[in-house]
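This briefing is meant to be read alongside the sequence and the coordinates. It begins with the surroundings of one residue and then turns to other sites and to the chain as a whole.

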Amino acid sequence: MLKKYEKVMKSEYDAWYAENGEYRQKVASDERRLAFHLMPKTGWMNDPNGLCQYHGVYHIYYQYTPFEPTGELKLWGHYTTKDFVHYQDDGPVLFPDEEIDAHGVYSGSAFIEEDTMHFFYTGNLKYFDRDDYDYINSGRGSNTISFTSKNGHDFTEKQLLMTTDDYPEDMSNHVRDPKIFKKDDTYYMVLGARDHKSKGMVLLYQSKDLASWTYANRITTEEPFGYMWECPDVFELDGQYILTCCPQGVPKDGIDYENVHQAVSMKLDYDFETNDYQLKDMHLLDRGFDFYAQQTFEDEQGRRILIGWMGIPDADYTNPTVEAGWQHALTIPRELCLENGKLIQKPMEELKQLRQDKSQKAFSKECGAAFDHVVYEAEIDFEYCQNMELSMRKGITLSYQDEILTLDLGAFGAGRTTRSVKVTELEHLQIFADTTSVEIFVNHGEEVFTSRMYQLEGELKLAGSCAGTMTVYTLDSFIIEDKEK
Ligand code: FRU
């Protein structure tokens, strides 16, 4: 009934939902479902969208295909929470149901101003009226669309702000993923873009009223860094602007850029008077296999929070959960800080509410802290570490040797092998292991590895030339309730 390049009306989804109780049960009974991560109830999930906190409630929208697990038709799903433990699942709330977004309500963001939530997203169009489209420089439409809301649930009509014809002439058809920030009394929008020469960049627009936008500049590296930059975000941390984005087509360089697509941060020194800028300190946001399309927002306490898609497009590794009718999840929320000039990601404080049984063990030399937990948080504080091997699950290790920290998924990665990062001194590890995922924060968030893993047999033990303390907590699950229909 629901086809990839046809609109999806809410009424069609509702009819589909009523007929698919068995599909939901099948997914819910999969033992690989995660305990403390947001997932699609059925089907596919990708980018987090529209992240914000409004009147105390956190809103987490996301790219959602409820119908099947390969992500053909893009809707926006919606979760809300007040504490990052209890969630309400609203199901899909934004549909590709108009001419301006008929082939997918693609990624976008929220910006709160004057007690109103302003949403911006990309309406995707793909044309089939000719057979010579390359779908890069021709054959696609990327509309920038907005709507507002006073509660995150009821939306005003969609307003078309810009079409493919409005972007600079040297752009390809790939321009998308609007994100807003404000500087003094001017609003800025960043859009991810690919130009005709296949150079990836960010387009910067400005506005005084959030409705009419004018092109201000393009932000990119001098030498091309990939052909397309998806999901850009610009925000301020301690007076320093940071640009995060997802460059595609960056070649692997030793242990760097090993994934098919990247998620990076750069410091952006921007002069808003002259539009001169400098990009520096390029840093990979994550060293694991499954991290992409991150988005940040500032919450009511002034914290800069990042959530990423715990997945990646076009990878040659897979997720066996597809057999059970679902795929992908969002990462745990992380707080961003600048410490000694470095961008740091810390698991949000709220996640401590999940902690259950605690065990602690000091270790030295050949240490033997051993547990068979599957869903856990482990904190390892090293007094020193020359080398070590940490088993996180049977057959899955994190090892440190010659200043290189390596995640090795062994036979349990569904095609994922090893990923590494240079760490001059290993001081601290904080590991969040869910049934089929792991997030590893290195040295209090200087580096992070995010990955899916497919081994449900627990084994947590540490050996090596090292000393310190290991603290392990079993973790509780999120409590997720459906919105009353
Ligand atoms: C990133 C992305 C975005 C796009 C969305 C479509 O994963 O490709 O650029 O808006 O996904 O689902």
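Leaving aside neighbours within four places in sequence, Gln 327 is in contact (heavy atoms within 4.5 Å) with Pro 40, Gly 43, Trp 44, Met 45, Pro 69, Asn 319, Thr 321 and Val 322. This is a predicted model, in which local features need pLDDT of at least 70 and side-chain atom pairs count only at pLDDT 80 or more, while totals for chains, interfaces and linings use all residues. Residues are numbered from 1 along each chain as its sequence is written, and side-chain values use heavy atoms, with hydrogens and water left out.

**Gln 327**
- Gln 327 lies in strand E19, residues 326-327, where strands are DSSP runs of E with at least two residues and helices are runs of H or I with at least four, numbered from the N terminus.
- Gln 327 has a relative accessible area of 10% and is therefore buried, a class that means under 20%, with exposed over 50% and partly exposed in between (1.4 Å probe, protein chains only).
- The side chain of Gln 327 makes a polar contact with the side chain of Asn 319 at 3.0 Å; such a contact is a pair of N or O atoms within 3.5 Å, and within protein one must be able to donate a hydrogen and the other to accept it, while residues adjacent in sequence count only if both atoms are side-chain atoms.

**Met 266**
- Met 266 belongs to strand E15, residues 264-270, and is buried at 2% relative accessibility.

**Positive phi**
- Most residues other than glycine have a negative phi.
- His 55, although not a glycine, has a positive phi of about 50°; His 55 is found in the loop between strand E1 (43-54) and strand E2 (57-65) and counts as exposed at 55% relative accessibility.
- Asp 177, also not a glycine, has a positive phi of about 70°, but Asp 177 is found in strand E9, residues 171-183, and is buried at 6%.

**Whole chain**
- The protein chain contains two helices and 33 strands.
- Of its 485 residues, 62% count as buried.
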